[in-house]
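Hello,

Here is the structure for you to look through.

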Amino acid sequence: VAISEGAGQGSTFVVRLPLDLASAPASSEVDAYPTTAKGKTFRILVTDDNVDAAMTLASLLEMYGHEIRIAYDGGQALQVAEQFRPKIVFLDIGMPGMTGYEVAQRLRKIKDLESTVIVAVSGWGAKDDLTRSKEAGFDMHFTKPVAPSRVSDFLSSLD
């Protein structure tokens, strides 16, 4: 159904789709996105130069009830972190300009952010990459793409 009051007045479109009960998921399949422990929410900064990747992870974290900020490069991440004071930072490593390694090292030097949990989220996941992220100050390393259940389990493990 399409409704309009006339030119320049906007339009309303109504679409009705039939529900196919035969293909509805069983009740055990309904929770496709697990949530973190009830009442456990964090201030989280997501940094990735890939806008889609940043938005996807941020949306998932918001569904869990966390307070989210997004940065798309290292310099912006440092600025946001100083003002936002996140408990957790999800940080891409392979960013142009300032790498995630550099950002992690700088975050560790900011007053009141020394104990922030820094999580690498990277396409790089070889043994050398894991060692290098640990040396740079990362607390955890996820290789992209990260399953929502892994993120949820990790967040649930934090105090």
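Lys-111 and Asp-112 form a salt bridge, with their closest N and O atoms 3.9 Å apart. A salt bridge here is a side-chain nitrogen of Lys or Arg within 4 Å of a carboxyl oxygen of Asp or Glu. Lys-111 is exposed, at 60% relative accessible area (buried is under 20%, exposed over 50%, partly exposed in between, with a 1.4 Å probe and protein chains only).

A word on the source. This is a predicted model, where local features need pLDDT of at least 70 and side-chain atom pairs count only at pLDDT 80 or more, while totals for chains, interfaces and linings use all residues. Residues are numbered from 1 along each chain as its sequence is written, and side-chain values use heavy atoms, leaving out hydrogens and water.

The structure holds six salt bridges. Arg-43, Glu-67 and Arg-69 are linked in a network of them. Glu-67 meets Arg-43 at 3.5 Å, N to O. Glu-67 sits in strand E4 (residues 67-71) and Arg-43 in strand E3, so the pair ties together parts 24 residues apart in sequence. Strands (E, at least two residues) are DSSP runs, numbered from the N terminus; so are helices (H or I, at least four). Arg-69 also bridges to Glu-67, at 3.4 Å between the closest N and O atoms. Glu-67 is partly exposed, at 36%. Arg-69 is partly exposed too, at 35%, and Arg-43 is partly exposed at 32%.

Best wishes
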